[in-house]
Amino acid sequence: MKIIGKVCSSIVYRNISVVIAAGILSILFGKSGWWPHKEFNQFLDALYYYVIPLLLAFTGGRIYGGQRGGIISSVALLGLILSSDVPMIIGAIIFSPLIGWAFHKLEKTVKVYFPIGTELLLNNVIDAVLSLSLMFSMYFIVGPIFNKTIAYFSEGMLLFINSNWLPILAFIIEPAKILFLNNIINHGIVGPLGIQQSKELGKSIFFLLESNPGPGFGMLLACYFKVREEEKRNLKATLGIQLIGGIHEVYFPYVLRRPILLLPVIAGGFIGIFIFQFLNAGLVSTASPASILFILFLAPKSDILSILLAISCSTFVSWFLSSLLLKKEITFYDKTENAEMLTEIRHIQALPNKEEKMKEREEKKKIEKVIVVCDGGMASSAMGSAILKKKLRSSPLKIDVDYMAVEEIPSDADIIISHQRLNFTIKAQHPEVLYFGLYSLSNAQEYDKIVKYIEEVSAR
């Protein structure tokens with residue numbers, strides 16, 4: 001299930017800028033926008049009915065089938081689009097990875113039979129015939145069945161949204177976020193549902209279920225008044241990053257260090273969803289990153305006060321309960337523990353076929369590429385990359401610092417940095433690369449040891 005969610009999340013977040021563009025157009029000129037304009041609806045319709053589904057289809061097909069798989073998926077989805085009177089957002093996410101995977105298997109099976117010199121010709125013919133076959137199949141066979149399924153599913157979602165069960169989702173969403181499944185939930189589950197619903201209703205509550213910054217901000221605020229004085233500076237920056245920057249991953253390590261704090265976070269999420277539902281609030285698009293400013297910008301003007309009230313109540317409930325559960329003078333950042341962790345460069349015993357590469361890396365005197373990694377390759381890794389770049393500005397060294405998802409780490413990386421929970425994954429995949437596992441990617445102090453190490457290696 002996690003793999004499916006990750007694939008769906010990957011498809012959506014790689015095209016998130018287009019989804020946000022549609023949201024901005026809707027909030028400015030749509031029916032619920034600030035300046036409603038009928039002429040602009042033609043652009044909005046084109047984005048939802050054609051551009052977004054086809055981009056999602058290409059991305060999904062490309063994940064498993066490469067460039068050719070992406071093209072075949074896009075052509076195939078055109079049949080599904082033309083057979084339907086609703087946007088095929090969910091259809092693109094479901095069918096495109098399957099088409100890409102099937103094409104990859106077919107290509108591996110048949111290419112061994114190609115006569116030498118005919119590869120290009122046969123590849124093009126197969127791609128064209130397969131694309132048309134799938135397009136007509138989608139139009140005449142899959143489309144009618146899938147349309148009825150989507151209609152029943154939409155009715156079920158509306159019933160669920162209007163039921164008393166919706167706030168219960170906080171008991172699933174908040175713990176899953178703490179386990180760093182936030183991107184899967186946001187972009188892989190509630191995001192596609194929200195995109196589909198926002199085109200039909202003009203807004204969707206699904207966009208608010210995971211993105212509410214109130215629970216995390218309230219918990220961090222309680223921690224700020226309870227931690228030792230030396231930790232307040234970092235926590236103050238974390239508060240700003242979480243609320244204004246919209247990077248919620250920064251509060252996850254605090255809950256992991258004090259699991260009892262999960263209770264106030266869940267309570268805050270529950271209250272937030274309850275008020276969103278009671279006041280019929282929603283957003284027109286995914287708020288990514290989930291900054292309070294971006295959330296309010298993507299809210300219909302009639303929903304702004306409702307959303308502010310819900311987020312404020314979430315913050316208060318989370319802060320109040322966290323304050324009751326926390327003792328005075330607590331600490332989250334153990335200097336001794338982290339100093340030992342950072343000064344140790346974690347080499348893993350190389351496999352026999354890795355020994356030569358390992359030796360080359362150990363002999364290498366210059367560090368040229370540093371990669372900051374997280375699950376989705378988006379928020380927390382981008383923030384960590386920015387922190388490290390800022391710390392390296394005063395250094396004469398020319399270091400290429402980049403960020404990406406864990407499965408996209410290049411083979412020429414000299415140092416990999418991630419949150420500690422990805423230790424085993426990265427060590428297993430890249431045992432020959434120097435690796436730092438940090439307690440928090442938002443804690444600027446933890447990067448000082450890395451900068452010091454890079455300078456020492458370069459000075460040898």
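**Cores, strands and backbone in a predicted model**

Colleague: Which residues touch the most other members of the largest nonpolar core?
Modeller: This is a predicted model, where local features need pLDDT of at least 70, side-chain atom pairs count only at pLDDT 80 or more, and totals for chains, interfaces and linings use all residues. Residues are numbered from 1 along each chain as its sequence is written, and side-chain values use heavy atoms, with hydrogens and water left out. A nonpolar core is a set of buried Ala, Val, Leu, Ile, Met, Phe, Trp, Tyr and Cys residues joined through side-chain atoms within 4.5 Å. The largest has 84 residues, and those touching the most other members are Ile52, Leu209, Met219, Tyr251, Phe276, Leu283 and Ile307.

Colleague: Where does α3 bend?
Modeller: A straight helix of 42 residues would span 62 Å at 1.5 Å a residue, the expected span being 1.5 Å times one less than the number of residues. Helix α3 (residues 41–82) spans only 19 Å between its end C-alpha atoms. A bend is the angle between axes fitted to the seven residues ending at a residue and the seven starting there. In α3 that angle is about 145°, at glycine 65.

Colleague: Which residues does phenylalanine 276 contact, leaving aside its neighbours within four places in sequence?
Modeller: Contact means heavy atoms within 4.5 Å. Phenylalanine 276 is among the core residues that touch the most other members. Its contacts beyond those neighbours are Ile205, Leu208, Asn212, Ala281, Ile307, Ala310 and Ile311.

Colleague: How many disulfides does a search of the whole structure find?
Modeller: A disulfide is a pair of cysteine sulfur atoms within 2.5 Å. Cysteine 374 is in none, and the nearest cysteine sulfur, that of cysteine 8, is 18 Å away. For the whole structure, the search finds 0.

Colleague: Why does cysteine 374 count as buried?
Modeller: Buried means under 20% relative accessible area, exposed over 50%, and partly exposed in between (1.4 Å probe, protein chains only). Cysteine 223 is buried at 0%. Cysteine 374 counts as buried because its relative accessibility is 7%.

Colleague: Which residue of β4 is the bridge partner of histidine 419?
Modeller: Two strands pair if DSSP finds at least two bridges between them. Strand β3 (residues 415–419) and β4 run parallel, joined by 5 bridges. In β4 (residues 434–438), 5 of the 5 residues are buried, so the strand is largely enclosed by the rest of the structure. The partner of histidine 419 is leucine 438.

Colleague: Is leucine 179 buried or exposed?
Modeller: Leucine 179 is found in the loop between α6 (170–178) and α7 (182–201). Phenylalanine 180, in the loop between α6 and α7, counts as buried at 9%. Leucine 179 has 54% relative accessibility, so it counts as exposed.

Colleague: What is the omega of the peptide bond from serine 288 to proline 289?
Modeller: Most residues other than glycine have a negative phi, and most peptide bonds are trans. Proline 289 sits in the loop between α12 (262–278) and α13 (292–297). Asparagine 280, in the loop between α12 and α13, has a positive phi of about 55°. The bond from serine 288 to proline 289 is cis, with omega near 5°.

Methods. Helix = DSSP H or I, 4+ residues; strand = E, 2+ residues; numbered from the N terminus.
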